[in-house]
Amino acid sequence: MSLNESPEIFSSKRIGFGAASLALVTSFLWGGNQVFIKIGLQGMPPQAMAALRFSIGLIVVVVAAFVAKESVRVYPGEWRRLFGLAILFLTQISLLNQGVFYTTASRASVTIAAHPFFVALFCHFFVPGDRLSLQKVVGSLLAFIGIVIIFFDSLSLENTNYLLGDIMILVSAILLGLRQTVMKRMVHGFHPYKVLFWQSLLSLPIFIALSAYFEADAVYKFNSAVIVAVLYQGIVVAGLCFITWVFLMRSHSASQLGVFAFTTPIAGVLLSSLLVGDELQIVLLVSMALVAAGIVVVARAGH
């Protein structure tokens, strides 16, 4: 596809109640990803966990494509774009998993949640018709201020113990924004199942090779918590969340959808409260109000 393609090719529907609800549910489920990565790392190294996670996710995609009777066959001229997406995917996920190893789950949640800014920026330049506007910028800033409020203390500049991990997660967030933009362009010429299938399949051998080379001496300790963590990452995130999000991007503005991802750190806090009894504080309610306001502002923005 050319960068000069008509905006009509990428025309997007306004995000209605149904799409907004799906985006919120998907983002909420995605909110547990960094937490479950951290749990999974207690039993296996980052690259090996990525390989296992996306093997499980690949099975989910294959089953979904089979049920829908959609072919994932690749035609001449398509390989270059699929390989490019796989390399981008591999790099972004490797940095995410390795970064979580060097930082905390809460810091990782905040940093990776910056990716909607980069989705909006890349879409402005590379997706015709999906331009930045004052309304989108204001809404995104409202939402991001909301999530920073939650983790203000843990993001203190005086704490440099997690600097390497934070930098890796930030680069991963930039690449995630780019990957979302690339996928937005690709799903107008490829079926979403084909994109997800080859994205995972082409990257799996490299994840395995990286693990074999760099993690040969790693100790594996599988217990129920680690198993549940990997299954959550594979079935829920790499499977169901990926499928839902790609189908949403096929019909809606990627930059407008991206703002829903600002709910993921809040989802992590709510899940912590629900699962381990962490106290909900007034700061969380203020944060949720700001994120909700940001989502409404961006969702109502024109394309």
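**Figure 1. The aromatic cluster.** One aromatic cluster is formed by Trp-30, Phe-54, Phe-89, Phe-207, Phe-242 and Trp-245. The model is predicted. The count of aromatic pairs comes to 14. One of the pairs is Trp-30 with Trp-245, which is edge-to-face, with 5.9 Å from centre to centre and 90 degrees between the planes. Trp-30 belongs to helix H1 (residues 17-30) and Trp-245 to helix H10, so this pair ties together parts that are 215 residues apart in sequence. Trp-30 and Trp-245 are both buried.

**Figure 2. The pair of Phe-89 and Phe-242.** The ring centres of Phe-89 and Phe-242 are 6.4 Å apart and the planes stand at 80 degrees, so this pair is edge-to-face. A pair of this kind needs planes over 60 degrees apart and centres within 6.5 Å. Phe-89 lies in helix H4 (residues 79-102) and Phe-242 in helix H10, so that distant parts of the chain, 153 residues apart, are linked. Both Phe-89 and Phe-242 are buried. Phe-89 and Phe-242 also belong to the aromatic cluster, together with Trp-30 and Trp-245.

**Figure 3. The salt bridge between Glu-78 and Lys-194.** Side chains of opposite charge can pair when their charged atoms come close. The count of salt bridges comes to 1. In this salt bridge the side chains of Glu-78 and Lys-194 meet at 3.1 Å, N to O. Glu-78 is in the loop between helix H3 (46-68) and H4, whereas Lys-194 is in helix H9, so the pair ties together parts that are 116 residues apart in sequence.

**Figure 4. Lys-69 in the loop between H3 and H4.** The loop between H3 and H4 holds Lys-69. Phi of Lys-69 is near 60 degrees, which is a positive value in a residue other than glycine. Lys-69 counts as exposed because its relative accessibility is 75%.

**Figure 5. The nonpolar patch on the surface.** Leu-52, Tyr-220, Phe-222, Ile-227, Leu-231, Ile-235 and Leu-240 make up a nonpolar patch on the surface, and together they have about 610 Å² of accessible area. Helix H10 (residues 224-251) gives the largest share of this patch, 4 residues. Phe-222 lies in the loop between helix H9 (192-214) and H10. With a relative accessible area of 48%, Phe-222 is partly exposed.

**Figure 6. The buried side of helix H2.** Which residues of helix H2 (residues 33-40) are buried? The buried residues of H2 are Asn-33, Gln-34, Phe-36, Ile-37 and Gly-40. Because they cover an arc of only 165 degrees around the axis, they are on the same side of H2. An α-helix has 3.6 residues a turn, so residues three or four places apart point the same way.

Figure 7. His-115 is buried, with a relative accessible area of 9%. Leaving aside residues up to four places away in sequence, His-115 touches Ala-173, Leu-176, Gly-177, Gln-180 and Ala-261. Phe-126 counts as partly exposed because its relative accessibility is 32%. Phe-126 and Lys-184 are 58 residues apart in sequence, and their C-alpha atoms are 9.8 Å apart in space.

**Figure 8. The whole chain, for context.** The secondary structure of the protein comes to 13 helices and 0 strands. Of the 303 residues in the protein, 52% are buried. Among contacts with a separation of 6 or more, residues 24 or more positions apart account for 91%. The protein exposes about 13800 Å², and carbon and sulfur atoms supply 70% of this area.

How values were computed:
Residues numbered from 1 in each chain as written. Heavy atoms only, no water. Buried < 20%, exposed > 50% of the residue type's maximum accessible area, 1.4 Å probe, protein only. Helix = DSSP H or I, 4+ residues; strand = E, 2+ residues; numbered from the N terminus. Arc of directions from axis to C-beta. Patch = residues over 30% accessible without salt bridge, like charges linked within 9 Å, V, L, I, M, F, W, Y side chains within 5 Å. Areas by Shrake-Rupley, 256 points an atom, 1.4 Å probe, with all protein chains shown as cover. Salt bridge = Lys/Arg side-chain N within 4 Å of Asp/Glu carboxyl O. Phe/Tyr/Trp six-rings, centres within 6.5 Å; stacked < 30°, edge-to-face > 60°. Contact = heavy atoms within 4.5 Å.
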